[in-house]
Structures are given as C-alpha cells and as structure tokens.
Amino acid sequence: MTTTLATSRTVPGRAGELLARLGDRAVLCDMYDATGSEVYHDLAGGNTLEIRELLAAIRPFPGPVLDLAAGSGRLTFPLLAAGRPVTALELSPDMLRLLHARLAGAPASLRGRCDTVQADMSDFSLGRRYAVVVLGTTTVSLLDAAGRAGLYRAVRDHLAPGGRFLLTTVDLDPADAGPAEAELLHVTESGRRYRMFEHWVAGSGTRTVTVFPAEPGASGPVPVCTTSINVLPVAVLEEELDRAGFAVRSRIPLTGAGERHHDVLLEAEALR
C-alpha cells in the first residue's frame, strides 16, 4: 500500500494556508497511524455509504466474506450482522487495535464468526477461498499500479468459483469538477467536528485530503491528518480488471458522496 504523507509545503490550497498558520502547533499524521486511525474511525462511524448496496450484492453468493482493508470494521460489522463468516484483513496495527476493541464488545454470535488478519491487501495468502471479496470505502485508490496488480492476483487466488470481487471507486468527472478545492464540515456521532479539505485539479492523477479539528483551540498541539490518494476512474479500473482476468458483471452507482464524487460499486467475477 502506498500513501504519501504530505508536509506543510505540499498541502495545497486553503488547507496549506491553514496548516502554515498553525505553525509548530500542527502535528502532521497519516490517516492510518495511531492518531489518524482514531480520526478516521470517528469520521467513518456514521457513514452508511455503500453498505446497503454491498449487502444486496453479496446476497446471491452464500458463504464466507473476505473484507480487505477492513479498518476498524465499518463494513465488517454489517457483514457479520447479515449472518456471514468474515475474515477482516487490515495492514495497520492501529486500525486492528480499534477493530479488536469493537469485537470485544460485540455479541458472541458476531464475534465468533470473525477472524482478523494483519496483512497487506496487495500481497496476502490465507490458504482458503471466499464467496465474496470486498474492498470498500474506495480504498483501492490507496494503491499504486503495482499494488493494484498484486491485489488482483491475490483476490483471484482467494475467490471461490463463481464468487464475486466487490470494490468501490470515486469517479471524479472533469466535466463538472468545479473549484479545485472543496471544504466540508463533518459532525460525527461522537459530537466531534472536523474541517475536511479535498484538493483535486481536473485531470490530475491524485487528490489530497486534509482533516483539521474544527475548533483547534488557542494553544497546544493540533493533529492534522493528510494523505494523497490516487484518482481511479471507473474506466481505468475496468480495463485493469479485464487485463487481470476479471469480467465486470455490474456497475452500481452510489449516492451520498460529495458534490464532485460519483462513487461506483463494481461487481467482478474471476474468469477461470
């Protein structure tokens, strides 16, 4: 997995200006380290985007599910609640710590159907096959081309015959891109408030996402989570999946993303 931690010199737009004003108070962190994972978990906790569509897509394929880049369990728990045995694979030990804490407080009926594995989604070998492999939350955009090639190989090795690979992507459309930078205010279920900046110039292969506390206070350190993410239009992913030996069986639009976001769920089958 390749993510790039930005610096005050590389964070673009208003987010960079705000970071510069914070000066030495700003503590830069990656979205998936010890600090960032807590922020990510807080932001993702109330986000139901793609969950209904994913659950509907797995219904025709009974059997265990592999949840790649599971994080703190945003998709793992709905999959368990649907009655599926789930293997949650996650690289970040900080994310796994959050997932284990949530599982410890879950009913035994759910907890007993979940295995967790610390591994890289672009290079893993679990020695078993799954009816469905899920990669949600547009996480495929964290991988570079080599990482995605490894992901496709590993998924093929772990899919049962006739199974499905479900993955989501943000399809940014240059035709209605609007301003290069968008700012959103997020109020989470915990009551915390965040300012999220997304910077993307139409045609660029990456976008920068930076998250600040909405009320940083007058003194003390301010955690700022920032990462650079690849932009992977649906057409690009479909071409890559085709070359990797998959056939895309459906393309499902997702609603509820930001104004420039046209999230799409792809359902792919490995050709034998």
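**Close-up views of a predicted model**

**View 1. Glu-269 and Arg-249 form a salt bridge.** At 17% relative accessibility, Glu-269 counts as buried, because the cut-off for buried is under 20%. The model shown here, as in the other views, is predicted. Arg-249, the partner of Glu-269 in the salt bridge, has a relative accessible area of 46% and is partly exposed. The closest N and O atoms of the two residues are 2.9 Å apart.

**View 2. Four charged residues are joined in one network.** The members are Arg-14, Glu-181, Glu-183 and Arg-195. They are connected by salt bridges that share partners. The count of salt bridges in the model comes to 14.

**View 3. Arg-52 and Glu-53 meet through their side chains.** The contact is a salt bridge, with an N to O distance of 3.6 Å. Arg-52 counts as exposed, at 63% relative accessibility, whereas Glu-53 is buried, at 16%.

**View 4. Helix 7 covers residues 145-158.** From its first C-alpha to its last, this helix of 14 residues reaches 20 Å, close to the 20 Å expected at 1.5 Å a residue. Its buried residues are Gly-147, Arg-148, Gly-150, Leu-151, Tyr-152, Ala-154, Val-155 and His-158. In an α-helix, residues three or four places apart point the same way, because there are 3.6 residues a turn. The buried residues of helix 7 pack against several elements, among them strand 5 (130-135), strand 6 (159-170) and helix 8 (234-243).

**View 5. Arg-148 forms a salt bridge with Glu-240.** The closest N and O atoms of this pair are 2.8 Å apart. Arg-148 is in helix 7 and Glu-240 in helix 8, so that the pair links distant parts of the chain, 92 residues apart. Both residues, Arg-148 and Glu-240, are buried.

**View 6. Asp-67 is buried yet has no salt bridge.** This residue is found in strand 2. The nearest side chain of opposite charge is that of Arg-74, 8.4 Å away; a salt bridge needs a nitrogen and an oxygen within 4 Å. The side chain of Asp-67 does make a polar contact, at 2.6 Å, with the side chain of Thr-76. Leaving aside residues up to four places away in sequence, Asp-67 touches Leu-75, Thr-76, Leu-79, Val-86, Thr-87, Ala-88, Leu-89 and Val-134.

Technical notes: Residues are numbered from 1 along each chain as its sequence is written. This is a predicted model: local features need pLDDT of at least 70, side-chain atom pairs count only at pLDDT 80 or more; totals for chains, interfaces and linings use all residues. Side-chain values use heavy atoms; hydrogens and water are left out. Helices (H or I, at least four residues) and strands (E, at least two) are DSSP runs, numbered from the N terminus. The expected span of a helix is 1.5 Å times one less than its number of residues. Buried means under 20% relative accessible area, exposed over 50%, partly exposed in between (1.4 Å probe, protein chains only). Contact means heavy atoms within 4.5 Å. Lys and Arg count as positive and Asp and Glu as negative; His and the chain ends are not counted. A polar contact is a pair of N or O atoms within 3.5 Å; within protein, one must be able to donate a hydrogen and the other to accept it, and residues adjacent in sequence count only if both atoms are side-chain atoms.
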